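Student: I have a structure to go through. Can we start with the terms and then take the sheet and a pocket?

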Amino acid sequence: MITPADDYPLHQDSRPFRDPGRDRNLYDRFFFCGYPTQNFGSAYFALAFGQYVGRNVCDGAFSVIHHGTQYSVRGSRLLGSDRLDLRVGPVRIEIVTPMRELRVVVDDALISADLTFHARGPGFEEPHYRHQYGHLTVFDITRMTQNGTWTGHLVVNGDRIEVDSSWMGTRDRSWGVRPIGGREPNLAPDGPPPTFYWLWAPLTFPDSNVLFDVNENADGSRWHANAAVAGIGPEAPVDAGSHTYSIGWKAGTRVADTFSMQFTMGDRTMRVSLAPVETFYMQGLGYAHPTWGHGMFVGPDERMSEQRVLADVDPGDVANHHVQHLCRATRDGGVEGWGLLEILVRGPHAPSGLTGYTDLAP
């Protein structure tokens, strides 16, 4: 099926853009987040938007922490033929200038927003993600992360929040193949149960942008890692290297209490420590949600909203293991910055002392 997207000279093979090929788990995703650097910790917002061409589903969500409550609005619809239609439920994305400026609009009684992301650094192209469980390739992904500033406003449960250029944040774009939708039926066992260990930390300092991420197997060996630093401006050169890190788990959870890392780039090293200030639960954006999970068919055009008091959330519940910590960052020499640490750990991880699929840190 030929669609408006096919008018752009971007094809990589003979198929039209709307053709998903043979993989039902093909996806294309936007993520955004933002926070104030003044009165840090007073608010945090994030957006997730995905197209799943093999499942004919488009979904999106916008979630905000405000006054101790996490508010979320979600939408899901049939994808249809137009891949350039970046609207679902209450959420809309506008690409004003690619890699420079993007706009997010939310229209709901619980949350409304008109926010513009301005690139503060280059797009960090992360090393390609490819991972197998047994003989099955489950991750085959290209991913880009970019830090920026925000302008605009939010209205959350009737409270208006002005957003100026002191608000920082991050966006990412990823596409390829990953587990989405409902559980695949009738899969024969192929090795031990799958595990997933993921840490991701995009950070902003007054003079630089920093990106850390790592994926590990159950024994602690790495199958993906990234360490990158760049200056200010979307054309700033990227300095890549390697990293080590240390995480302290909060007892009775799978979330962080302390975190530090060291980057090595040639003969230069950089040490960074993170202090979590607030915890954002990714299920608010649909991650691992039992009915509004990414790529799951909810209906032809549906939306919903919810709110959760953070003090009432049980971080030990497996549904709440996927989090983003809003963090203060401190670099060598006492340079202070901001950012987030995303954590998702499913299954055993020997270096952390986790031996089962859902057991908690001692």
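Tutor: Two strands pair if DSSP finds at least two bridges between them. Strands (E, at least two residues) are DSSP runs, numbered from the N terminus. This is a predicted model, where local features need pLDDT of at least 70, side-chain atom pairs count only at pLDDT 80 or more, and totals for chains, interfaces and linings use all residues. Residues are numbered from 1 along each chain as its sequence is written, and side-chain values use heavy atoms, with hydrogens and water left out.

Student: How many bridges join S14 to S15?

Tutor: Eight, between S14 (residues 208–216) and S15 (residues 222–230), and the two strands run antiparallel. Val214, for example, has Ala225 in S15 as its bridge partner.

Student: What is the strand order of the open sheet?

Tutor: The nine strands go S16-S15-S14-S13-S22-S21-S19-S18-S17, with antiparallel pairing. At the edges are S16 (238–240) and S17 (242–249), each pairing on one side only.

Student: Now the second largest pocket. How many residues line it?

Tutor: It has 35 lining residues, and Leu10, Phe17, Asp28, Arg83 and Arg173 lie nearest its centre. A pocket is an open set of points on a 1 Å grid over the protein atoms alone where a 1.4 Å probe fits, with protein on both sides within 12 Å along at least five of seven lines; lining residues have an atom within 4 Å of a point.

Student: Which elements give two or more residues to that lining?

Tutor: Strands S1 (26–36), S6 (91–97) and S12 (159–177). S12 gives the largest share, five residues.

Terms used
Helices (H or I, at least four residues) and strands (E, at least two) are DSSP runs, numbered from the N terminus.
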